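Student: I have a model open and want to learn how to read it. Can we go through it feature by feature?

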Amino acid sequence: LAVSHRWERPDEPDASGVQVRAIREYLLAHEEVELVWYDYWCMYQGEDRSPEQRARFKWTMQHINLLYIGCSVLILQELSYMSRFWTQFEAWCSMQQAG
């Protein structure tokens with residue numbers, strides 16, 4: 001399961017804890033989900049990354065569309081979700097069919 005969400009602040013995607021509560025609620029209702037990909041948890045964030053971490057981050061960004069095309073996607077949509085390019089891109093990718 002890939003999670004598409006907006007970041008609440010540049011340094012913290014879920015300062016209020018609303019997103020993690022929504023993810024938890026979804027997972028409790030969908031016990032078949034074994035893995036969750038959430039960018040803040042799965043990609044090295046911040047400026048203090050090592051060269052290897054920077055390379056992994058760059059590689060992931062170059063291939064992230066495959067994640068949203070190939071996985072089930074939980075969209076945490078709220079008022080400002082559709083006003084951001086990146087979240088719209090994730091949503092659009094999640095609605096495509098891999099051929």
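This is a predicted model: local features need pLDDT of at least 70, side-chain atom pairs count only at pLDDT 80 or more; totals for chains, interfaces and linings use all residues.

Student: Is T87 buried or exposed?

Tutor: Look at relative accessible area. Under 20% counts as buried. T87 has 2%, so T87 is buried.

Student: Which residues is T87 in contact with, leaving aside its neighbours within four places in sequence?

Tutor: Four residues make the list: S4, H5, R6 and Y81.

Student: Now a contrasting case. Where is S72 found?

Tutor: S72 sits in the loop between α3 and β2, the latter being residues 73–75. The cut-off for exposed is over 50%. S72 has a relative accessible area of 54%, so S72 is exposed.

Student: What does S72 touch, not counting residues up to four places away in sequence?

Tutor: L1 and A2. S72 and M95 are 23 residues apart along the chain, and their C-alpha atoms are separated by 9.8 Å.

Student: Next, cores. What is the general idea?

Tutor: In soluble globular proteins, nonpolar side chains tend to be buried together. In this model, the largest nonpolar core has 7 residues: A2, W37, M43, I64, L67, Y68 and C93.

Student: Which helix gives the most to this core?

Tutor: Helix α3, residues 51–70, with 3 residues. There is also a second, separate core of 6 residues, with V3, I23, L74 and L76 among them.

Student: Pick one member of the largest core. What is M43 in contact with, leaving aside its neighbours within four places in sequence?

Tutor: M43 is in contact with W37, F57, T60, M61 and I64.

Student: Last, helix packing. How do α3 and α4 cross?

Tutor: Read the axis distance and the angle together. The axes of α3 and α4 (residues 85–94) come within 7 Å and cross at roughly 45°. An angle between 35 and 65 degrees counts as oblique. The two helices are therefore oblique to each other. For handedness, α3 passes α4 in a right-handed crossing.

Student: Which residues meet there?

Tutor: From α3, take M61, I64, N65, Y68 and I69. From α4, take W86, F89, E90, C93 and S94. By class, this contact has 7 nonpolar, 2 polar and 1 charged residues.

Technical notes
Residues are numbered from 1 along each chain as its sequence is written. Side-chain values use heavy atoms; hydrogens and water are left out. A nonpolar core is a set of buried Ala, Val, Leu, Ile, Met, Phe, Trp, Tyr and Cys residues joined through side-chain atoms within 4.5 Å. Buried means under 20% relative accessible area, exposed over 50%, partly exposed in between (1.4 Å probe, protein chains only). Helices (H or I, at least four residues) and strands (E, at least two) are DSSP runs, numbered from the N terminus. Contact means heavy atoms within 4.5 Å. Axes are lines fitted to C-alpha atoms, for helices over the stretch in contact, and angles run from 0 to 180 degrees between N-to-C directions. Angles under 35 degrees count as roughly parallel, over 145 as roughly antiparallel, 65 to 115 as roughly perpendicular and the rest as oblique. A crossing is left-handed if the near helix is turned anticlockwise from the far one by less than a right angle, and right-handed if clockwise. Ala, Val, Leu, Ile, Met, Phe, Trp, Tyr, Cys and Pro count as nonpolar, Asp, Glu, Lys and Arg as charged, and the others, Gly among them, as polar.
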